[in-house]
Amino acid sequence: MTDFSLSGLTHAKGDAVRRRSRFIAGWALGLALPVGLALLWEAAVRLGLSDGRLMAPPSRIFATLGALWTTGDLALHLWATVWRVAVGFAIGVASGTALGAIAGSSALTRRVVDPTLQGLRAVPSIAWVPLFILWLGIFETSKVALISVGVFFPVYLGVLGAIASVDRKTVEVGRIFRLGRVALARRILLPAILPAYVLALRAGLGLGWMFVVAAEFMGASEGLGYLLVDGQQLGKPDQIVATILIFALLGKLSDALLVAASAPWLRWQDVVREED
Amino acid sequence: MALSVRDVSKAFDGAQALSHLSLDVEPGRILAIVGGSGCGKSTLLRLIAGLESASAGAIALDGSPVTAPREEIGLVFQEPRLLPWLTVAGNVGFGLEDSSEAERKALVAQALERVGLAAKANAWPRQLSGGQAQRAALARALVVRPKVLLLDEPFSALDAITRADLQDHLLELWAELRPTLVLVTHDVDEAVYLADEVVVMAAHPGRIAERISIDVPRPRERRSETVDRETRRVARALGEAIGRRAA
Ligand SMILES: Nc1ncnc2c1ncn2[C@@H]1O[C@H](COP(=O)(O)OP(=O)(O)OP(=O)(O)O)[C@@H](O)[C@H]1O
Ligand SMILES: [Mg+2]
């Protein structure tokens, strides 16, 4: 029996429960495939169907991870890579946002800035590597620079596109209430571009992880990319697979953090998704 | 406030939307505008609101020219235009940024109550029906108590009962605060029920075809011999204005 005087409350509670169970179901469904495959592979190696030399079974990968962890190597490499991505991401986001906002703020600045940046974007980013090494040396600076370039373009394009697609009708609401430039930016433009901006940040972060590997391939003595190169040169496929696994986890984790951090500002969008 | 539209023309990329249109509304009067689709009603309201500038002619409030949106002028757009990232209460309180938190809350609650949306205060605009969104937009304009209120088909998405309720609510507010009201509508009954004067517009180019005073004392009946007579007059004028274009 439903008590209608409380229906609002019970409805909200039911919503929360439903959302949580859907969340758990989502995780279970998403994990089914990789975990299932891992278990199958483990079984195949144990049953002698494969020697698991080129593709280690999960147990050996976890053993490798454990060994790397106890020597302290894992923490060292992990930290080096995370630090590079964090700094490169911060620089790429700051510059991409600033230039995107400048180019988006008026047709004139867009016509001045955009063609040059579009031209630079057409350069495959890895092509910058030799130049960055000559300019900035082979140590941290050139690596961070390369990551920043990777992060910059999706953020720049995202901001520019988001500003361009702000609905003129929404802006008119601000005009009717006589908002000044700053208030218009704060109360109308920012919230209007936020969803697209978060998508751009996520795309930028994804490229950040991609470019950190490229950067670390070009000569590094620490970092997850170094672990990959090291694993290849010394014939340690276990180490390569373990590192790939870490990349997958880091990428997913950082993306989830970004989504969680932006969620409070984008709650109004969830309404639609809940109805799906 | 007295509103005057003097010989105003408006062209969009060469296409004449309004041509040499003049109009005066005395302070505290209610003017209804009817006319066929595309005859320039919304354009006229947007010009008065200061959102567009006239190609020729001038618009003035108590003699001072309107060149940009003004505090004294409120506009309810033809679409609700609620901001999707604010709750209904947030949208309704959008123009009250300068008020104290407590005052804003009280005014918003009162406005929502009046348009029958108190239960939706914390809903997101996406969760509203078309008519609910329209009422929220109306509340957003009313809550700042403009001296001139421009309404672009504010009740078009409502059922007959809710529409009649809101019409009476609008009249109550008007009796209390006496704003100058300009209301665009497609509903001839609504125009006659609410307005002191009905302006019938014709299209191509947008202009005034006829002005009809509704000399029926308030409170008005929705149906009576005098009201019906006025309704027939307006309907006939509207038919001619639209027919003239087709001919
Ligand atoms: N921004 C614009 N650019 C170009 N043409 C426009 C613009 N706004 C309006 N028009 C044109 O001006 C004319 C009048 O438009 P308006 O929106 O004022 O009509 P309306 O009387 O409000 O019609 P409806 O009853 O359908 O809302 C139309 O022919 C329309 O195409
Ligand atoms: Mg219109």
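**Figure 1. Salt bridge between A:E172 and B:R46 in the predicted model.** The side chains of A:E172 and B:R46 form a salt bridge, with an N to O distance of 2.5 Å. Between chain B and chain A the count is 5 salt bridges. The side of chain B that touches chain A comprises 11 nonpolar, 3 polar and 8 charged residues. This is a predicted model, and 7 residue pairs, both at pLDDT 80 or more, are in polar contact between chain B and chain A.

**Figure 2. The contact area between chain B and chain A.** On the chain B side 22 residues are in contact with 20 residues of chain A. The two chains bury about 2200 Å² between them, and carbon and sulfur atoms give 66% of this area. In chain B, the residues that lose the most area to chain A are B:W85, B:F94 and B:R126, which together give 33% of what that side buries.

**Figure 3. Salt bridge between A:R202 and A:D255.** The side chains of A:R202 and A:D255 meet at 2.9 Å, N to O, in a salt bridge. The pair links distant parts of the chain, 53 residues apart: A:R202 belongs to helix 8 (residues 181-217) of chain A and A:D255 to helix 10 of chain A. Over all chains the count of salt bridges comes to 26.

**Figure 4. The second largest pocket.** This pocket holds about 780 Å³ of space. Its lining has 21 residues, and A:P34, A:V35, A:A38, A:L245 and A:A248 lie nearest the centre. Helix 1 (7-46), helix 2 (58-71) and helix 10 (237-262) of chain A each contribute at least two lining residues. Helix 10 of chain A gives the largest share, 8 residues. By class, the lining has 20 nonpolar residues, 1 charged residue and no polar ones.

**Figure 5. The largest cavity.** A search of the whole structure finds 2 cavities of 30 Å³ or more. The largest cavity contains about 120 Å³ of space. Its lining residues include B:L107, B:Q110, B:R114, B:H169 and B:L177. At least two lining residues come from each of helix 3 (101-114), helix 4 (130-142) and helix 5 (160-177) of chain B, and helix 3 of chain B supplies the largest share, 4 residues. The lining divides into 8 nonpolar, 2 polar and 2 charged residues.

**Figure 6. The second largest cavity.** The volume of the second largest cavity is about 80 Å³. Among the residues that line this cavity are B:R145, B:P146, B:L149, B:W174 and B:P179. Helix 5 of chain B provides the largest share of the lining, 4 residues. The lining residues are 9 nonpolar and 1 charged, with no polar residue.

Technical notes:
Residues numbered from 1 in each chain as written. Chains lettered and ligands numbered in written order. Predicted model: local features only at pLDDT ≥ 70, side-chain atom pairs only at ≥ 80, totals over all residues. Heavy atoms only, no water. 1 Å grid on protein atoms, 1.4 Å probe; cavity = no way out; pocket = protein on both sides within 12 Å on 5 of 7 lines; lining within 4 Å. Points joined across faces, edges and corners; volume = space filled by probe spheres on them. Nonpolar A, V, L, I, M, F, W, Y, C, P; charged D, E, K, R; others polar. Contact = heavy atoms within 4.5 Å. Buried area = accessible area lost by both parts, 1.4 Å probe. Salt bridge = Lys/Arg side-chain N within 4 Å of Asp/Glu carboxyl O. Polar contact = N/O pair within 3.5 Å; in protein donor to acceptor, adjacent residues only side chain to side chain.
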